[in-house]
Amino acid sequence: MQASNKSLVAVYPGSFDPVTNGHLDLIQRCAPLVDKLVVAVLKNAHKSPLFSLEERVAMLEGVLGGFDNVEVDAFDGLLVDYGRRKGAHLLLRGIRAVSDYEYELQMALMNRRLAPEIETMFMMAGEAYSFISSKLVKEVIGLGGNVSGLVPPSVEEKLRQRIPGQP
Ligand code: PNS
């Protein structure tokens with residue numbers, strides 16, 4: 001087999017509202033496998049995120065400084081159009097539990113139909129992170145629960161400022 005000299009670009013899309021240690025685990029494990037990993041934050045035209053696009057991007061940049069081949073960016077519109085503009089070969093998504101599978105399958109098949117040349121790659125969440133979601137972290141902190149270890153300390157601080165715990 002001939003060695004390929006094409007540089008492998010993966011896009012990891014998401015809302016990242018905010019980034020969790022589950023997202024970071026995936027980024028850490030994927031970055032060494034590709035030449036470039038673009039973490040792409042959705043502008044969320046229809047959802048109403050807790051953090052603005054600029055805040056979500058800044059939080060990611062704050063925790064991903066140590067990676068040479070990871071870039072943080074924002075996107076709007078169809079993911080596959082964005083992926084094409086970035087020259088992506090792969091779309092990275094994480095699967096935590098069976099409940100993620102149906103939604104992810106639908107998206108992967110739709111994206112494949114729209115852009116057959118871009119492959120969706122799934123990675124299983126690390127077992128220590130498989131119960132973490134941005135949504136639950138926000139709920140727990142809003143009810144006064146402890147979220148340390150679930151998000152980076154800088155993100156926890158931001159969450160505490162934005163959602164003061166009740167008790
Ligand atoms: O972190 P999330 O909210 O689960 O990420 C969802 C995301 C950003 C991957 C998805 O909503 C998306 O790709 N949106 C862009 C619009 C698009 O391409 N829609 C068709 C997907 S099949």
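**Notebook: helix packing, a ligand site and one loop**

I began with helix 5 (residues 134-142) and helix 6 (residues 153-162), whose axes come within 10 Å and cross at roughly 55°. The model is a predicted one, where local features need pLDDT of at least 70, side-chain atom pairs count only at pLDDT 80 or more, and totals for chains, interfaces and linings use all residues. Residues are numbered from 1 along each chain as its sequence is written, and side-chain values use heavy atoms, leaving out hydrogens and water.

I noted the terms. Helices (H or I, at least four residues) and strands (E, at least two) are DSSP runs, numbered from the N terminus. Axes are lines fitted to C-alpha atoms, for helices over the stretch in contact, and angles run from 0 to 180 degrees between N-to-C directions.

**Helix 5 with helix 6**

Helix 5 and helix 6 are therefore oblique to each other. (Under 35 degrees counts as roughly parallel, over 145 as roughly antiparallel, 65 to 115 as roughly perpendicular, and the rest as oblique.) I looked up which residues make the contact (heavy atoms within 4.5 Å). Helix 5 brings V137, K138 and I141, and helix 6 brings E156, L159 and R160. I sorted these residues by class: three are nonpolar, none polar and three charged. (Ala, Val, Leu, Ile, Met, Phe, Trp, Tyr, Cys and Pro count as nonpolar, Asp, Glu, Lys and Arg as charged, and the others, Gly among them, as polar.)

**Helix 2 with helix 6**

Next I took helix 2 (residues 53-63), whose axis comes within 10 Å of that of helix 6, with a crossing of roughly 150°. Helix 2 and helix 6 are therefore roughly antiparallel to each other. On the helix 2 side I found E55, M59 and V63; they meet S154, V155, K158 and R162 of helix 6. This contact has three nonpolar, one polar and three charged residues.

**The ligand**

S15 places a polar side-chain atom 2.6 Å from one. L79 uses a backbone N or O atom, at 2.8 Å. For R93, a polar side-chain atom lies 3.0 Å away.

Last, I read the loop between strand 1 (9-14) and helix 1 (21-30), where P18 is found. The peptide bond from D17 to P18 is cis, with omega near 0°. F16 lies in this loop too. Phi of F16 is near 45°, a positive value in a residue other than glycine.

Conventions:
A polar contact is a pair of N or O atoms within 3.5 Å; within protein, one must be able to donate a hydrogen and the other to accept it, and residues adjacent in sequence count only if both atoms are side-chain atoms.
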